[in-house]
Amino acid sequence: MFRNTYDSDNTVFSPQGRLHQVEYALEAVKQGSAAVGLRSKTHAILLALKRSTGELASYQQKMYRVDDHVGIAIAGLTSDARVLSNFMRQQAMSSKMLFNRPIPVNRLVSSTADKAQVNTQEYGRRPYGVGFLVIGGDKTGPHLYEFSPSGNSYEYYAMSIGARSQSAKTYLEKHFESFMDCELEDLIRHGLHALRETLQQDKELTINNTSIGIIGPASTHEKSVPPEGPFRILEGEGIEVYLKSMIPKESADNAAAAAADPPPAAGDEDVQMAE
């Protein structure tokens with residue numbers, strides 16, 4: 001993007017009806033490392049790619065617990081994410097104190113979107129430079145939402161945000177119809193395959209650069225998880241078993257190519273004339 005006459009303030013529309021400062025905030029989300037979200041009938045999961053500024057630095061935190069039934073993955077400015085995650089925690093706490101119940105996930109996402117929308121309309125403010133994937137569970141089942149700095153929020157079966165997220169979306173669009181009936185292990189495997197699509201050519205998913213967030217009953221590899229399956233974040237050695245279950249990319253590509261190009265039917269071969 002290049003500077004133009006109408007991008008000095010977020011309250012000024014361009015002649016085409018665009019708010020350039022808001023669009024720049026959306027670009028900040030696209031510069032963040034990727035995050036992927038999926039849901040089935042019983043679980044909702046988040047997977048995120050963590051970045052490190054160097055070999056001497058630790059990896060950035062990409063997931064935050066908001067409440068027992070809500071968790072988020074971020075892409076964009078981490079400092080903005082801390083502010084908004086604290087706001088979401090305050091909303092969740094207020095609901096428990098006033099109404100003695102967990103806050104509905106859609107209401108929490110809508111409140112956060114309303115807060116972000118104010119910064120796109122009032123003079124002297126800047127839009128938040130971070131996007132969220134929000135997973136939560138309630139009486140109707142698991143949910144997955146996307147929040148963007150423009151103040152919009154949508155519910156999805158599967159979604160990805162961040163750098164090179166379009167590659168992950170392509171994978172999710174091919175397989176999302178099977179997600180609803182997946183077991184947790186299969187759902188995580190699909191999420192890891194989608195997250196792998198966002199990597200650069202020389203990079204791989206490891207226990208250091210990958211985070212997994214889960215809402216729903218525990219898998220066979222988890223211990224000491226309450227029956228209601230609250231939000232928990234798996235990192236380090238806890239995700240090694242899931243990384244080992246991934247199908248190598250070459251094998252997956254070959255299987256996809258074989259499915260796309262079925263062998264010719266009998267009788268279609270060229271007939272060789274006997275000499």
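Predicted model: local features only at pLDDT ≥ 70, side-chain atom pairs only at ≥ 80, totals over all residues.
Residues are numbered from 1 along each chain as its sequence is written, and side-chain values use heavy atoms, with hydrogens and water left out.

So where does Ala158 sit? It's in strand 8; strands are DSSP runs of E with at least two residues, helices are runs of H or I with at least four, and both are numbered from the N terminus. What does Ala158 touch, leaving aside residues up to four places away in sequence? Gly37, Leu38, Leu144, Leu172 and Phe179, where a contact is heavy atoms within 4.5 Å. Glu173 is 15 residues away from Ala158 along the chain, and their C-alpha atoms are 8.2 Å apart.

One of those contacts, Leu38, is also the bridge partner of Ala158. Strand 1 and strand 8 run antiparallel and are joined by 4 bridges; for two strands to pair, DSSP has to find at least two bridges between them. In general, strands of a sheet pair through backbone hydrogen bonds, parallel or antiparallel. Strand 8 is covered on both faces: Ala158 and Ser160 are buried on one side, and Met159 and Ile161 are buried on the other.

Now zoom out to the sheet that strand 8 belongs to. It's an open sheet of 5 strands, antiparallel, in the order 8-1-2-9-10. Strand 8, residues 158-161, and strand 10, residues 232-234, are the edge strands, and each of them pairs on one side only. On average, neighbouring strands here are turned by 15° against each other, ignoring direction; those angles run from 0 to 180 degrees between N-to-C directions, with axes fitted to C-alpha atoms, for helices over the stretch in contact.

Further into that sheet, strand 2 (residues 44-49) pairs with strand 9 (residues 210-215), antiparallel, over 6 bridges. If you want a pair to click on, Leu49 has Thr210 in strand 9 as its bridge partner.

Which helices lie across this sheet? Helix 4, residues 165-175, lies across strand 1 and strand 8, and runs at about 170° to strand 8. Helix 5, residues 184-196, lies across strands 1, 2, 9 and 10, at about 30° to strand 2.

Strand 3 pairs antiparallel with strand 4, residues 70-76, over 4 bridges, and Met63 has Ala73 in strand 4 as its bridge partner.

Next, the surface. Met93, Met97, Leu98 and Phe99 make a nonpolar patch with about 530 Å² of accessible area together. Areas are Shrake-Rupley with a 1.4 Å probe, and for residues only the protein chains shown count as cover. Met97 is in helix 2, residues 78-99, and counts as exposed because its relative accessibility is 68%.

Most residues other than glycine have a negative phi. Asn100, though, has a positive phi near 55°; it's in the loop between helix 2 and helix 3, and at 71% relative accessibility it counts as exposed. Ser224 has a positive phi as well, about 60°. Ser224 is in the loop between strand 9 and strand 10, and it's exposed at 79% relative accessibility.

Last, the overall numbers. The protein has 7 helices and 10 strands, and 44% of its 275 residues count as buried. Of the contacts with a separation of 6 or more, 63% are between residues 24 or more positions apart. The accessible surface is about 15,400 Å², and 51% of that belongs to carbon and sulfur atoms.

Note on methods: Buried < 20%, exposed > 50% of the residue type's maximum accessible area, 1.4 Å probe, protein only. Patch = residues over 30% accessible without salt bridge, like charges linked within 9 Å, V, L, I, M, F, W, Y side chains within 5 Å. Salt bridge = Lys/Arg side-chain N within 4 Å of Asp/Glu carboxyl O.
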